[in-house]
Amino acid sequence: MRKPVIAGNWKMYKLLGEAVETALALKPLAANANHCEVIIAPVFVHLKTLADRLEGSNIKVAAQNCASETSFGAQTGEISAEMLKDVGASHVIIGHSERRQFYGESDESVNKKTKAALAFSLTAVVCVGEILAERESGNAESVVKRQIVGALGGLTVTDMERIIIAYEPVWAIGTGKVAAPEQAQEMHGFIRGVIAETHGGEIAEATRILYGGSVKPDNIAGLMKQTDIDGALVGGASLEAESFAQIINYK
Ligand code: PEP
């Protein structure tokens, strides 16, 4: 049985005071959500404070990126997976489409970063998804397959226990255009099939595959009814405690 995951990606929003306020407001609202794992991903500089303030709650803290290098070194501006673990992060989002689009992330860097995260016992939330032109030209599945195979290359069956996939069609992120539940299900089923090819059926069945792209309180239930949708990666609607709590408590 795959335990659903509801993760909030706060992107580059909120100053520290507001981040703490939202996290503390979320705490009681998420307290009875035993049906799923709850994660928030603030900016790097808020991780330690939020991890401390949420200690003992059922809300985990994720980073939004990590360095591909694992050892200390001359890497100005980078933050290693070990440093994230050290300040209380349990998860890290890797290969978000905004990083692929604006910061040159490639399948290769996503693979390196995923391995770096695993080396320090973080759970990697690996993002994949096609852009609109790729969907319209009938290439969505081949693009997503390439991204999945690239991200998971060289990972062992044991490594896969700390992998969560987030399927985020880029045309649905921040646009208000959510994929239809059946459309998302089709791609999630496809992704599970790809994982079965790379790591075997048992691992594929156990891997959580989240949907991301304009998830809101009014569309989460329909998405969660789909067999292969195991949760959501939520951007805009995770910024307010009340709307994120409604998504968490979709049941
Ligand atoms: C995201 O940032 O991963 C995301 C899915 O954003 P939104 O929910 O705002 O579309």
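1. The lining of the largest cavity divides by class into 3 nonpolar, 4 polar and 2 charged residues, where Ala, Val, Leu, Ile, Met, Phe, Trp, Tyr, Cys and Pro count as nonpolar, Asp, Glu, Lys and Arg as charged, and the others, Gly among them, as polar. The residues that line the largest cavity are G95, H96, S97, R100, C127, V128, G129, E168 and V170, and α4 and β5 (123-128) each contribute at least two residues to this lining. Helices (H or I, at least four residues) and strands (E, at least two) are DSSP runs, numbered from the N terminus.

2. This is a predicted model, in which local features need pLDDT of at least 70 and side-chain atom pairs count only at pLDDT 80 or more, while totals for chains, interfaces and linings use all residues. Residues are numbered from 1 along each chain as its sequence is written, and side-chain values use heavy atoms, with hydrogens and water left out.

3. The volume of the largest cavity is about 40 Å³, and the structure holds 1 cavity of 30 Å³ or more. On a 1 Å grid over the protein atoms alone, a cavity is a set of points where a 1.4 Å probe fits but cannot get out, whereas a pocket is an open set with protein on both sides within 12 Å along at least five of seven lines, and lining residues have an atom within 4 Å of a point. Grid points are joined across faces, edges and corners, and a volume is the space filled by probe spheres set on the points.

4. The largest pocket has a volume of about 500 Å³ and is lined by 14 residues, of which K11, M12, Q64, R99 and Y103 lie nearest its centre. Helix α4 (residues 97-102) provides the largest share of this lining, 3 residues.

5. Around the ligand there are 14 residues, of which K11, E168, G174, S214 and G235 come nearest; a residue counts as near if one of its heavy atoms lies within 4 Å of the molecule. The protein covers 97% of the 290 Å² of accessible area that the ligand has on its own, by the Shrake-Rupley method with a 1.4 Å probe.
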